[in-house]
Amino acid sequence: MLELMFATFLASLPVFGLIGAGALAARARVLTLDGGGILNRYVTWLALPALLFKTVADAKWEQLWQPAFIASFCLSGLITLAVAMMVVRLRSRRSFAQSAIDSLNASYPNVGFMGFPLAAALLSPAALVPTTIAAILTMCVFFALTIVLVELGLNTGAGMLGVSMKVMKGVLRHPLIVAPACGVPFALTGQAIPSPIATLASLLAASAAPCALAAIGIFMLQPRSGTGRGENAGAAGLIGGKLLLQPLLAWIFAQYVFDLGRESVQIAVLMAALPTGTGAFMLAGHYQLDVALPARVIAGSTLASIATISVIFALLQ
């Protein structure tokens with residue numbers, strides 16, 4: 001158990017380190033307090049689109065086509081997202097668009113920063129393939145669905161046809177939808193990305209998560225009104241959904257519905273049990289909605305996951 005906790009702790013260190021680096025930079029006035037918004041816009045319009053494009057374009061579909069694993073991971077995330085959405089809407093008066101972003105916190109695992117190092121440390125090298133599947137599903141399916149829900153929330157009141165046209169226009173022009181779509185032809189044909197474009201995409205992609213986490217650190221130093229009990233309870237509920245409900249559902253689907261092998265079950269549950277990634281924070285900043293809740297959930301779930309991942313993985317073994 002202690003070995004598992006130590007491995008999880010090591011995997012989480014870069015997350016806390018980058019949040020702390022952003023906070024220190026803001027404290028030392030190397031970056032201004034509004035620098036977090038600028039970093040977030042950079043991530044949303046340049047770095048993350050490059051990451052999505054390169055991830056999809058480089059995908060080897062013959063290796064990644066594992067329908068049972070895909071279904072187990074997708075269903076656990078989508079059900080968790082739906083449950084969180086219903087709870088958020090019932091317990092608060094937040095808008096539909098804000099509720100969609102809040103709910104993404106409960107189903108968006110930090111596969112990039114913590115999934116790959118944990119899979120490498122705890123499982124066999126073969127586990128990196130389903131980890132890649134989880135990363136693609138997280139960034140493309142969960143992210144894209146949330147963008148659609150946010151656009152629906154922001155474009156109500158124009159009639160069925162008007163709302164549909166506005167949502168479609170917003171989605172089709174969104175950089176986080178267009179970028180992975182541009183990578184599909186490369187993935188389907190097996191054609192390599194031209195070298196200059198691949199190098200540029202790699203450089204931008206590598207900065208996505210670090211800049212987003214640093215932006216969270218900057219945000220945490222910004223003056224704001226006191227946090228109420230309702231907001232703390234909301235963050236705790238989303239953390240519980242992310243660290244407990246999603247891995248429980250992944251285990252049920254992988255073990256009993258799709259009857260996956262032992263290691264496939266472990267990797268499906270491990271990916272679902274990861275703490276919240278930066279997706280909701282970036283979307284909230286992009287749409288100029290509340291970023292306080294995503295920031296608290298990311299930090300809180302990352303800290304709590306040191307214990308929860310260790311317990312869950314020990315139970316699986």
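Leaving aside its neighbours within four places in sequence, which residues is Val269 in contact with? Keep that one in mind for a moment. First, the ground rules.

This is a predicted model, where local features need pLDDT of at least 70, side-chain atom pairs count only at pLDDT 80 or more, and totals for chains, interfaces and linings use all residues. Residues are numbered from 1 along each chain as its sequence is written, and side-chain values use heavy atoms, with hydrogens and water left out.

Now the overall picture. The protein has 15 helices and 0 strands. Helices here are DSSP runs of H or I, at least four residues, and strands are runs of E, at least two, numbered from the N terminus. Of the 317 residues, 50% are buried. Buried means under 20% relative accessible area, exposed means over 50%, and partly exposed is in between, with a 1.4 Å probe and protein chains only. The accessible surface is about 14500 Å², and carbon and sulfur atoms hold 69% of it. Those areas come from the Shrake-Rupley method with a 1.4 Å probe, and for residues only the protein chains shown count as cover. Next, contacts, meaning heavy atoms within 4.5 Å. Take those between residues at least 6 apart in sequence: 83% join residues at least 24 apart.

Back to Val269. Val269 sits in helix 13. Its relative accessible area is 2%, so Val269 is buried. Beyond neighbours within four places, its contacts are Pro247, Ala250, Trp251, Ile312 and Leu316. Gln255 is 14 residues away along the chain, and its C-alpha is 9.8 Å from that of Val269.

Helix 4 covers residues 67-91. How far apart should its ends be? At 1.5 Å a residue, its 25 residues should span 36 Å, and the end C-alpha atoms are 36 Å apart, which agrees. The expected span is 1.5 Å times one less than the number of residues. Buried residues in helix 4 include Phe69, Ile70, Phe73, Cys74, Gly77, Thr80, Leu81, Ala84, Met85 and Val88. As background, an α-helix has 3.6 residues a turn, so residues three or four places apart point the same way.

Helix 11 has 13 residues. From first C-alpha to last, helix 11 reaches 19 Å, close to the 18 Å expected. Of those 13 residues, 10 are buried, so helix 11 is largely enclosed by the rest of the structure. Among the buried ones are Ala208, Cys211, Leu213, Ile216, Gly217 and Phe219.

Helix 11 also takes us to the second largest pocket. How much space lies in that pocket? About 400 Å³. A pocket, on a 1 Å grid over the protein atoms alone, is an open set of points where a 1.4 Å probe fits, with protein on both sides within 12 Å along at least five of seven lines; lining residues have an atom within 4 Å of a point. Grid points are joined across faces, edges and corners, and the volume is the space filled by probe spheres set on the points.

The lining has 23 residues, and Leu51, Gly112, Phe113, Met139 and Ala209 lie nearest the centre. Helix 2 (35-57), helix 6 (111-122), helix 7 (128-154), helix 10 (195-206) and helix 11 (208-220) each give two or more residues. By type, the lining has 16 nonpolar, 7 polar and no charged residues. Nonpolar here is Ala, Val, Leu, Ile, Met, Phe, Trp, Tyr, Cys and Pro; charged is Asp, Glu, Lys and Arg; the others, Gly among them, are polar.

On to the loops. Asp259 lies between helix 12 and helix 13. Its phi is near 50°, a positive value in a residue other than glycine. Asp259 is exposed, at 62% relative accessible area. Gln288 lies between helix 14 (279-286) and helix 15 (292-316). Gln288 is not a glycine, yet its phi is positive, about 55°. At 74% relative accessibility, Gln288 is exposed.

Last, a glycine. Is Gly277 buried or exposed? Gly277 counts as buried, at 2% relative accessibility. It is in the loop between helix 13 and helix 14. Leaving aside neighbours within four places, Gly277 touches Tyr108, Pro109, Asn110 and Ile298. Gly277 and Thr138 are 139 residues apart along the chain, with 9.6 Å between their C-alpha atoms.
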